[in-house]
Amino acid sequence: MPQMCPEDALMRLHEIILNGKNRKLFTTLVLLDIKGASDNAWWPFILSLLRNANIPGNLFAVIYSFLKDRTATLSLGHYSKERHLQKGCPQGSISGPLLWNIIINYLFDKVSSFSSCETMAFSNDLLLCFQGKTLQNINTEAQRILDFLSSWAKTYKL
């Protein structure tokens, strides 16, 4: 987010933990790293999210055109191999972080729709903060979210 830094997230986390402590709640943190997140951002998923968000047609067309027919070529000496791409946020582009943010925002919307956990992210690193009166309740909720995240990651090739 603009004007935000990792220290701001740490301060927010500190505030959440202190508020929970004052209310005599247990707190459990789950930290996740989505391996190869920007390299594996699946374009059909991104495009479907954009389509469902009803972005203007001309903007959708620009993004679609930007992703369409991309290739990667590996050349070693006289040998060359080209491969058609369907995933990955183009490295070094301004759009790369935007495309990843579209995915992560969708994930956070899904997680917040059935959980009371606090969520934070920095690039492909996610923090889930659970609070509750008993550790058993927290663990049950955390496992439910982790099961969802595992299924979600497999479905969208992350």
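## Starting point: E141

Let us begin with E141, which counts as buried because its relative accessibility is 18%, and buried here means under 20% relative accessible area. Please keep in mind that this is a predicted model. E141 has its place in helix 6. Which residues does E141 contact, once its neighbours within four places in sequence are left aside? They are F114, S115, S116 and F130.

E141 also takes part in a salt bridge with R144, where the closest N and O atoms are 3.3 Å apart. Both partners, E141 and R144, belong to helix 6 (residues 135-155), and they sit three residues apart, about one turn of the helix. Is R144 buried, exposed or partly exposed? R144 counts as partly exposed because its relative accessibility is 40%. E141, in contrast, falls in the buried class at 18%.

## The other salt bridges

How many salt bridges does a search of the whole structure find? The search turns up four. One of them joins E118 to R12, with 3.4 Å between the closest N and O atoms. This pair ties together distant parts of the chain: E118 is in strand 4, R12 is in helix 1 (residues 6-22), and 106 residues separate them. E118 is partly exposed, since its relative accessible area is 32%. R12 is partly exposed as well, given its relative accessibility of 31%. There is a further partner to look for here, as R12, E15 and E118 are linked in a network of salt bridges.

K68 and D69 form another salt bridge, and their closest N and O atoms lie 3.7 Å apart. K68 is partly exposed because its relative accessibility is 44%. D69 has a relative accessibility of 54%, so D69 counts as exposed.

In what order do its three strands lie? The order is 1-5-4, in an open sheet with antiparallel pairing. Strand 1 (26-33) and strand 4 (118-122) are the edge strands, each of them pairing on one side only. On average, and with direction ignored, neighbouring strands of this sheet are turned by 15° against each other.

Strand 4 and strand 5 (residues 125-132) run antiparallel and are joined by five bridges. Across this pairing, F122 stands opposite D125 in strand 5. Helix 5 (residues 95-113) packs on the sheet and touches both strand 4 and strand 5, with its direction at about 170° to that of strand 4. The hairpin of strand 4 and strand 5 has two residues between the strands, and S123 takes a positive phi near 60° there.

Strand 2 (residues 71-76) runs antiparallel to strand 3, and six bridges join the two.

Why does strand 3 (residues 79-84) lie largely in the open? Of its six residues the number buried is zero, so strand 3 is largely in the open.

## The second largest pocket

To finish, we return to helix 6 by way of a pocket. The second largest pocket has a volume of about 160 Å³. Its lining consists of L32, D33, I34, L107, L126, L146, L149, S150, W152, A153 and L158.

Which element gives the largest share of this lining? Helix 6 does, with five residues. Strand 1 and helix 6 each supply at least two residues of the lining of the second largest pocket.

Conventions. Residues numbered from 1 in each chain as written. Predicted model: local features only at pLDDT ≥ 70, side-chain atom pairs only at ≥ 80, totals over all residues. Heavy atoms only, no water. Pairing = 2+ DSSP bridges. Helix = DSSP H or I, 4+ residues; strand = E, 2+ residues; numbered from the N terminus. Axes fitted to C-alpha atoms, helices over the stretch in contact; angles between N-to-C directions. Contact = heavy atoms within 4.5 Å. Salt bridge = Lys/Arg side-chain N within 4 Å of Asp/Glu carboxyl O. Buried < 20%, exposed > 50% of the residue type's maximum accessible area, 1.4 Å probe, protein only. 1 Å grid on protein atoms, 1.4 Å probe; cavity = no way out; pocket = protein on both sides within 12 Å on 5 of 7 lines; lining within 4 Å. Points joined across faces, edges and corners; volume = space filled by probe spheres on them.
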